[in-house]
Amino acid sequence: MLSLIVKRVAAAVPSLIGVVIVTFLLTRALPGDPAAYFAGPAATAEAIEQVRVKLGLDQPLYVQFVRYVGDLARGDLGNSLTTGQPVGQELRSRLPASAELTLLGLLVSVAIAVPLGILAATRPNSLVDHACRAISTAGVSLPVFFTGLVLIYVFYYLLGWAPAPLGRLDVFFSPPAQVTGFYLIDSTLDGNGEVFLASLKQLILPALTLGIFSLAPIARMTRASMLAALASDFVRTARASGLSPFTVVVTYAFRNAMLPVITTLGMVFSFLLGANVLVEKVFAWPGIGSFAVEALIASDFAPLQGFVLTMAIMYVALNLAIDILYGVIDPRVRIEA
Amino acid sequence: MSNVALPGRRGASEHGLFAILRHARYILGENAVTAFAFALFMLIVLAALIGPYVVPYDPLASDTAAALKPPSLAHWCGTDQLGRDVLSRVIVAARLDLMIAVASVALVFLMGGLAGVAAGFFGGWTDRIVGRIADTIMAFPLFVLAMGIVAALGNAVQNIVLATAIVNFPLYARVARAEANVLREAGFVHAARLCGNGEARILLGHVLPNIMPIMVVQMSLTMGYAILNAAGLSFIGLGVRPPTAEWGIMVAEGAAFMVSGEWWIALFPGAALMIAVFCFNLLGDGLRDIVDPRRRT
């Protein structure tokens, strides 16, 4: 098991190096003079020169790269032009909001998609099967920002069930004491039911939006791999041995069908992290996505670069976790390692 | 290739084309969904071609007296905050949205398709370099990488096209590589080599045409994603700028009015976007059934 983990971590290193190189090159690809850019629009020629020396832009490219990696190693992602605050600090304080939303979105989508896929596979060509196909095709076709807006219109404007789509918590409540940064968990730790409910209410619509967007690949893959598992010899044997249909489907078929589903999670996360940016903008969610969008509007590159890097590192880490999980679930993978 | 071989080959391809058409008609007849998607596709193409000439209002002309009016007989889809006709803007936007998607798909076909074919055909270093580039792109959440690219290269429509092409690169490169890898040992490749063709000529003249069907399916399948990606980028303020009519930016403009009940500004462009993507996804599935029935799910 340990050798598997070591091997997987080693395999993730080239990805990480690639990510760092690409984010470095992105800054150097900025149109015009990066020094003039970082000095701001009102800077004089002298100030620009000072910034150039300060940023090391007068050095050759490889020196700049070494310097960039050194800064990264110290967790220094540069300062925001508009606020003057260190980007790393800002990202850290906003990360829990995004993570809470993304994970809940994934939870929603798995909770809908996996049972749907199983039902569709156990009853091929039935109504459930057609519904599964329709929902999964429609799900990938819906622009995620549009789904969010429609949900807001229906559940906030028409029905009045959801609170105003303005951030993580209604202004009447104060956020719970920070432990994990996840409001749902922190308010539970505080034993504050009101805050828990209030933050859950804010979370439901954006999480549902993300869930609808990402359920398609999970449902499709669950259905396909369940079909394959149900057609296999061991399921036939289990059926012939007189096991209950539930045991056959859940214990025998689903456990074997889980592997491809977990593999798809990697792709789902790629979608989710991207969609997160759009959903955060729609719901005025104070996460790292809306931070990046604000920076984009202000043409402030350092926060955006930090954001791209953070997202990419999280994504590499998630894929690594999925790989390791794969090894935990499937003994064959462990033996190969 | 000798002239003697030509007639036979042409005859075979005509036969092949005829068979594909007959198969396509069969699929369209059997599969009402694909036929429906095809009809929708023609409608979108029609809107892109003649839209600007048939719309009832100038898509950019504002009329503050008629601002924020709900759908009526005069304005079938209502008017936006500047009194512009939403229907006209939605129809006119089809051309820009379709052009961005087609351009980015064509570009990624050129980049990813060629790189992938070369990687699969030559193997070795070419394969390793292409594979490494694809892996590096795949290490990013794709939309986030597209954001970074557009922000770095400059906020312009052509950079949206480029960014969408780059994030789709690994998909194309992988499919083309897998196909070319199989074909490089095929009999006709050896035959072409024995006839004295150079490697580049075999690659472009013999291998590439044979993976075209699969690549066309791939293009159709990623077209929907390209539209979504471009619309998403313009939704957060990248690329297309107001007052240009484009579905993503129109939804963004209508977003603020959704909470106060003016649903029509965002709904119609959003629905157009959804229908376009839906249509391309269905069409891609249908095409794949024609070209490669084994992959049907």
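This is a predicted model: local features need pLDDT of at least 70, side-chain atom pairs count only at pLDDT 80 or more; totals for chains, interfaces and linings use all residues.
Residues are numbered from 1 along each chain as its sequence is written, and chains are lettered from A in the order in which they are written. Local features need pLDDT of at least 70 and side-chain atom pairs count only at pLDDT 80 or more, while totals for chains, interfaces and linings use all residues.

**View 1. Overall build of chain B.** Chain B has 10 helices and 0 strands; helices (H or I, at least four residues) and strands (E, at least two) are DSSP runs, numbered from the N terminus. The C-alpha atoms of chain B fill a box of roughly 75 × 45 × 35 Å along the principal axes. Of the 297 residues in chain B, 48% are buried, that is, 20 or more other C-beta atoms, placed from the backbone, lie within 10 Å of the residue's own.

**View 2. Confidence along chain B.** The pLDDT is the predictor's confidence in each residue, from 0 to 100. Its mean over chain B is 82, with 91% of residues at 70 or more. Confidence in chain B is lowest in helix 1 (residues 5-30), at a mean of 60, and highest in helix 6 (residues 157-183), at 90. A contact requires C-beta atoms, placed from the backbone, within 7 Å.

**View 3. The side of chain B that touches chain A.** The contact takes 38 residues from chain B and 43 residues from chain A. Helix 5 of chain B gives the largest share of the chain B side, 9 residues. That side divides into 27 nonpolar, 10 polar and 1 charged; Ala, Val, Leu, Ile, Met, Phe, Trp, Tyr, Cys and Pro count as nonpolar, Asp, Glu, Lys and Arg as charged, and the others, Gly among them, as polar. For the complex, the predictor gives an ipTM of 0.85 and a pTM of 0.84.

**View 4. Surroundings of Val251(B).** Leaving out residues up to four places away in sequence, Val251(B) touches Phe145(A), Phe146(A), Leu149(A), Phe235(B), Ala266(B), Pro269(B) and Gly270(B).

**View 5. The kink in helix 9 of chain A.** Helix 9 (residues 193-230) of chain A spans only 44 Å between its end C-alpha atoms, whereas a straight helix of 38 residues would span 56 Å at 1.5 Å a residue. A kink of about 40 degrees lies at Leu215(A), shortly before Pro217(A); the bend is the angle between axes fitted to the seven residues ending at a residue and the seven starting there.

Technical notes. The expected span of a helix is 1.5 Å times one less than its number of residues. A residue is buried if 20 or more other C-beta atoms lie within 10 Å of its own, exposed if 12 or fewer, and partly exposed in between; C-beta atoms are placed from the backbone. Two residues are in contact if their C-beta atoms, placed from the backbone, lie within 7 Å.
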